[in-house]
Amino acid sequence: MAKTTTAIRFDQQEREWIQAYADFLGISFSQFIRRAALEKLEDALDTQDYMQALKEDDGARYTTDEIMREVMEDE
């Protein structure tokens, strides 16, 4: 997949903090920023999925034993 370049402005102190942490992790500044942005997006999508699941929840709850019995009956 082709990559594009995006400019993000940080003040000097922010840039140094991020760079120091990226160095600690052994990755580049760009890799750190990319990972952080994608993780934030994944968190937002997970939250969205969770909220949708809550809306669709019918209130049914099953114990592990009940689930295991059901699985064993289906086999």
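Reader: Which residue forms a salt bridge with R61?

Author: First, a word on the model: it is predicted, local features need pLDDT of at least 70, side-chain atom pairs count only at pLDDT 80 or more, and totals for chains, interfaces and linings use all residues. Residues are numbered from 1 along each chain as its sequence is written, and side-chain values use heavy atoms, with hydrogens and water left out. A salt bridge here is a side-chain nitrogen of Lys or Arg within 4 Å of a carboxyl oxygen of Asp or Glu. The closest N and O atoms are 2.7 Å apart, and the partner of R61 is D57.

Reader: Is R61 buried or exposed?

Author: We go by relative accessible area: under 20% is buried, over 50% is exposed, and in between is partly exposed (1.4 Å probe, protein chains only). R61 has 58%, so the word for R61 is exposed.

Reader: How many aromatic pairs does a search of the whole structure find?

Author: Rings of Phe, Tyr and Trp (its six-membered ring) pair if their centres lie within 6.5 Å; planes under 30 degrees apart are stacked, over 60 edge-to-face, and the rest tilted. Searching the whole structure with that rule gives a count of three.

Reader: What kind of pair do F10 and F29 make?

Author: A pair of aromatic rings is described by the distance of the centres and the angle of the planes. For F10 and F29 the centres are 5.7 Å apart and the planes sit at 85°, so the pair is edge-to-face.

Reader: How many residues apart in sequence are the parts that F10 and F29 tie together?

Author: Helices are DSSP runs (H or I, at least four residues), numbered from the N terminus. F10 lies in the segment before α1 (12-25), while F29 is in helix α2, so the parts tied together are apart in sequence by 19 residues.

Reader: And is F29 buried or exposed?

Author: Let's look at both partners. F10 has 29% relative accessibility, so F10 is partly exposed. F29 comes out at 13%, so F29 counts as buried.

Reader: Which helices do Y21 and F32 tie together?

Author: Y21 and F32 are an edge-to-face aromatic pair, with 5.6 Å from centre to centre and 85° between the planes. Ring pairs also link Y21 and F32 with F24 into a cluster. Y21 and F32 sit 11 residues apart in sequence, and the helices are α1 for Y21 and α2 for F32.

Conventions
Helices (H or I, at least four residues) and strands (E, at least two) are DSSP runs, numbered from the N terminus.
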